[in-house]
Amino acid sequence: MSDATSSRPPPRDARPVEWRALAIQIAIALAILWLGWQAIGNVAENMRARNIPSNFDFLSATAGFDLNQSLIAYSATSTYGRAFLVGLLNTLAVAAIGIFFATIIGFAVGVARLSQNWMAAKLATIYVEVIRNTPLLLQLFFWYTAVLAPLPGPRQSISLPALGLRMPDPQAGMAAITAFALASFVLLSVRNQIKGSAIKAAGYAISALFMILMIVAILFGPRVAGFGNAVGILDIRDGAYVFLNNRGLFLPFPSLGEAAIWLPAIILASAIGATGFSFWAKSQREEKGRILPVFWISMLILIVPAALTIWAAGSSVTIDYPQLRGFNLAGGVRVYPEFFALVLGLSLYTASFIAEIVRAGILSVAKGQSEAALALGLRRPTILKLVIIPQAMRVVIPPLTNQYLNLTKNSSLAVFIGFPDLVQIFVGTVLNQTGAMIQIISITMAVYLVISLLTSLAMNFYNNKMALSER
Amino acid sequence: MRTSILSNAIAGAVCALMLSAPGAFAQGQPAKSPTLDKIQKAGTLNCGVNPGLAGFSMPDDKGLWLGIDVDLCRAVAAAIFNDPTKVKFIPMTAKDRFTALQTGEIDILARNGTWTMQRETELGLLFTATNYYDGQGFMVRKKLNVTSALELSQASICVQQGTTTELNLADFFRANNMKYEVIAFATSNEAVKAYDSGRCDAFTTDASGLYAERVKLANANDHVVLSEIISKEPLGPAVRQGDDIWFNIVKWAHFAMVNAEELGVNKGNADEQAKSIKPDVRRLLGVENEFGKFLGLSNDWAMRIIKHVGNYGESFERNIGAGSRLRIDRGVNKLWNKGGIMYAPPIR
């Protein structure tokens with residue numbers, strides 16, 4: 001209660017009015033509950049009358065149908081409950097990856113619309129106006145066709161240039177790549193602490209040389225076979241190991257063997273470590289004014305233990321290469337065209353809305369702010385990072401949350417391009433197979449509600465962190 | 001059944017579908033059909049059909065629905081109203097069809113649906129008859145040089161989701177210990193488009209559907225329907241349980257058409273045949289006895305069907321057989337006395 005009301009004595013009839021209001025509220029709440037109860041009873045009774053099953057037993061029955069894309073083990077002998085889980089995970093995967101790309105594209109386009117560069121600004125405007133003013137479903141159909149149409153069949157697969165590249169000794173290969181990553185990250189982390197510019201330049205040169213060698217080996221491998229072997233970690237042959245066709249993109253994938261058991265735990269521990277470090281770095285900055293290279297050190301914490309684990313697992317690590325078997329390629333890891341088209345369509349569509357939100361956010365920051373920052377002698381990128389964006393984010397986050405929720409819900413259009421998401425599997429096939437309409441629709445609605453609420457919760461937490469702390 | 005108007009209204013807001021026609025299942029007099037009463041009052045029959053499957057139900061370029069499933073609904077409308085146009089065709093996806101029938105949105109589901117035990121027991125429907133004996137097959141590109149479905153190991157297969165097709169496909173590959181990749185689409189149209197674009201090696205559905213989809217493809221001759229049939233698919237119309245008279249009307253509309261073919265009664269000669277001395281023909285056309293009465297219809301109910309729609313053979317030839325674009329061989333759908341299994345109980 002604010003000071004204005006508490007300083008004044010309450011009116012004489014305040015209590016009766018409060019009681020009356022409370023009684024009315026309770027009566028209305030009870031009435032709504034009663035009506036809801038009646039409705040549920042009525043629905044249940046009508047379902048019985050129409051022989052529509054009204055329990056959840058179907059979840060443990062055998063599904064009997066197959067799915068092509070699953071993050072967990074699934075076969076036709078699995079249960080409907082398992083099929084539900086497959087759909088849920090697929091939906092979450094599409095939503096998470098879609099949100100990631102939509103955010104990046106959206107921010108880039110939003111900033112581009114405000115760019116001084118006439119071309120960039122106009123292109124961004126055209127992008128936003130075209131994408132956000134056409135129906136998403138048509139765009140999904142378009143991308144699905146656009147992805148599929150130009151690609152050849154599996155027997156005429158395009159083999160990308162890298163792609164005569166093979167790692168004969170994964171242990172040595174991982175060790176070399178880890179060493180390179182380690183060296184680069186350490187160099188980038190300590191670059192501001194190094195005084196001697198000669199040492200600094202030498203470090204950069206070594207790092208750049210390694211990078212160039214890798215790129216040359218990857219791009220021109222087959223043509224300079226001896227060179228690749230000289231690098232020591234890559235065995236270059238004439239023959240492709242990465243394929244692109246109308247069944248998807250096929251990539252070699254390390255089969256981790258013994259490392260697979262430890263890897264998830266180690267990655268989790270690393271993630272916790274990296275988060276802890278960033279909090280510690282923040283406290284250092286606030287208390288002592290020491291600015292640490294948080295990003296690079298975090299990357300180091302994340303990558304090195306995982307790479308060392310793989311290296312330690314040694315010979316049990318093999319690499320699984322895709323090969324033509326029968327009608328299709330088998331082995332390695334595969335990006336499905338349905339998945340690709342769905343993520344592409346959803347990201348581009350949502351990005352057009354995010355771009356406008358970002359533009360609004362940036363425009364909401366008064367011009368005086370950047371002028372003042374300039375007057376203090378800050379550079380343009382620093383101004384954007386430390387002055388404009390933190391203030392713009394307060395305007396951006398709430399509508400951005402809406403866009404994230406929209407993307408998640410729009411992912412249910414997957415059914416039209418054959419991607420097995422939650423709606424396709426559960427509200428499509430399972431509903432048709434079991435006839436348990438009310439249960440399946442309720443579960444699905446509850447799932448989307450929970451996903452949306454969790455997203456909102458996370459975004460609200462972030463929003464509170466970014467909010468202006470008034471004193 | 002609860003009768004509170006208020007609770008009905010609220011429940012209606014929660015789930016309008018569940019509550020439509022709350023009285024439809026009340027115990028009525030045995031000779032009365034609530035479904036028939038409702039249809040007669042409304043003046044139209046609501047028939048759920050496939051949105052576009054050549055030969056079964058598909059609108060032509062003038063928006064007129066054609067197909068054997070369409071003919072069946074027209075036959076029922078002709079028997080009730082003596083007017084085969086008093087049908088409202090409601091296109092149904094595989095997904096919503098059963099719910100639409102259960103909740104009373106449609107009176108007949110004539111959507112090339114497979115008669116299965118689960119649909120009659122768990123879903124509470126009744127299939128009235130089989131108007132097309134079908135089986136699931138595969139369509140592949142000729143250039144793949146595949147001659148048998150058993151050579152489809154590791155293949156990618158496009159299918160419409162929410163159908164028995166999806167399950168038969170899984171069963172077939174499981175039974176033969178072969179691996180495959182399934183890509184399931186919401187509609188048959190999307191599945192065929194994906195197959196046509198090369199995303200899949202094969203498209204699978206009921207054999208009749210394969211022929212129907214093949215004529216729609218840009219280059220129909222580049223595709224071949226494999227000879228294997230991997231399942232039994234007795235396709236037929238379904239009604240809700242609980243209205244036996246209505247069940248009888250839909251069932252006997254089909255049987256009247258089959259009997260008419262067997263007896264040589266067709267669209268052209270029906271009036272003449274009414275003067276026939278053959279007792280079978282006289283009973284069919286309502287000249288003798290009162291079979292219509294016990295269906296709640298007029299006595300010339302079958303006569304109306306034959307005059308407006310024709311007999312089963314005529315409907316088949318016009319929509320699926322030699323007289324259509326599909327030119328599917330009548331095969332097992334021939335009459336029982338001509339080497340097929342199409343058989344109707346006698347009207348007597």
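Tutor: Gladly, and please keep in mind that this is a predicted model. In chain B, helix α10 (residues 244–262) packs with helix α14 (residues 312–319) at an angle of about 95 degrees, and their axes are 6 Å apart.

Student: Zooming out a bit, into which domains is chain B divided?

Tutor: Domain 1 of chain B is made up of 19–133 + 234–338, and domain 2 is 136–231. The centres of domain 1 and domain 2 of chain B, taken over C-alpha atoms, are separated by 30 Å.

Student: And how many residues of domain 1 and domain 2 of chain B are in contact?

Tutor: In chain B, 14 residues of domain 1 are in contact with 12 residues of domain 2. The domain 1 side of that contact has 7 nonpolar, 5 polar and 2 charged residues.

Student: Let me change topic to β1(B): is this strand largely enclosed or largely open?

Tutor: Strand β1 (residues 45–49) of chain B has 5 of its 5 residues buried, so it is largely enclosed by the rest of the structure. B:Leu45, B:Cys47 and B:Val49 point one way from β1(B), whereas B:Asn46 and B:Gly48 point the other way, and all are buried. In a regular strand the side chains alternate between the two faces of the sheet.

Student: What strands does β1(B) pair with?

Tutor: On one hand, β1(B) runs parallel to strand β4 (residues 87–91) of chain B and is joined to it by 5 bridges, with B:Val49 having B:Pro91 as its bridge partner in β4(B). On the other hand, β1(B) pairs with strand β5 (residues 108–114) of chain B in the parallel sense over 2 bridges, and there B:Cys47 stands opposite B:Ile108.

Student: There's another sheet with β9(B) in it; what order do its strands take?

Tutor: That one is an open sheet of 5 strands in chain B, in the order β10-β9-β11-β8-β12, and the pairing is mixed. β10 and β12 (223–225) of chain B stand at the edges with a single partner strand each, so one side of each is left without a neighbour in the sheet. On average, neighbouring strands of this sheet are turned by 30 degrees against each other, direction ignored.

Student: How many bridges link β9(B) and β10(B)?

Tutor: β9(B) and β10(B) pair over 6 bridges in the parallel sense, and within that pairing B:Ile157 stands opposite B:Val182 of β10(B). Helix α8(B) lies across β9, β10 and β11 (202–206) of chain B, and α8(B) runs at about 155 degrees to β9(B).

Student: What about helix α9(B), is it mostly covered or mostly exposed?

Tutor: Helix α9 (residues 207–216) of chain B is mostly covered, with 8 of its 10 residues buried; among them are B:Leu210, B:Tyr211 and B:Arg214. The buried residues of α9(B) pack against β7 (132–134), β8 (136–141), α8, β11 and β12 of chain B.

Student: Now the two chains together: how many residues does the contact take from chain B and from chain A?

Tutor: The contact takes 44 residues from chain B and 44 residues from chain A. Elements of chain B that give two or more residues to this side include α1 (5–14), α7 (164–175), β10 (180–185) and α8 (188–196). By class, the chain B side that touches chain A has 20 nonpolar, 15 polar and 9 charged residues.

Student: Last stop, chain A: where is A:Leu413 found, and is it buried or exposed?

Tutor: A:Leu413 is found in the loop between α13 (380–410) and α14 (422–434) of chain A, and it counts as buried because it has 22 C-beta neighbours inside 10 Å. Leaving aside neighbours within four places in sequence, A:Leu413 is in contact with A:Leu136, A:Leu137 and A:Leu140.

Conventions: Residues numbered from 1 in each chain as written. Chains lettered and ligands numbered in written order. Predicted model: local features only at pLDDT ≥ 70, side-chain atom pairs only at ≥ 80, totals over all residues. Contact = placed C-beta atoms within 7 Å. Helix = DSSP H or I, 4+ residues; strand = E, 2+ residues; numbered from the N terminus. Nonpolar A, V, L, I, M, F, W, Y, C, P; charged D, E, K, R; others polar. Axes fitted to C-alpha atoms, helices over the stretch in contact; angles between N-to-C directions. Domains from an automatic or database assignment. Buried ≥ 20, exposed ≤ 12 C-beta atoms within 10 Å, placed from the backbone. Pairing = 2+ DSSP bridges.
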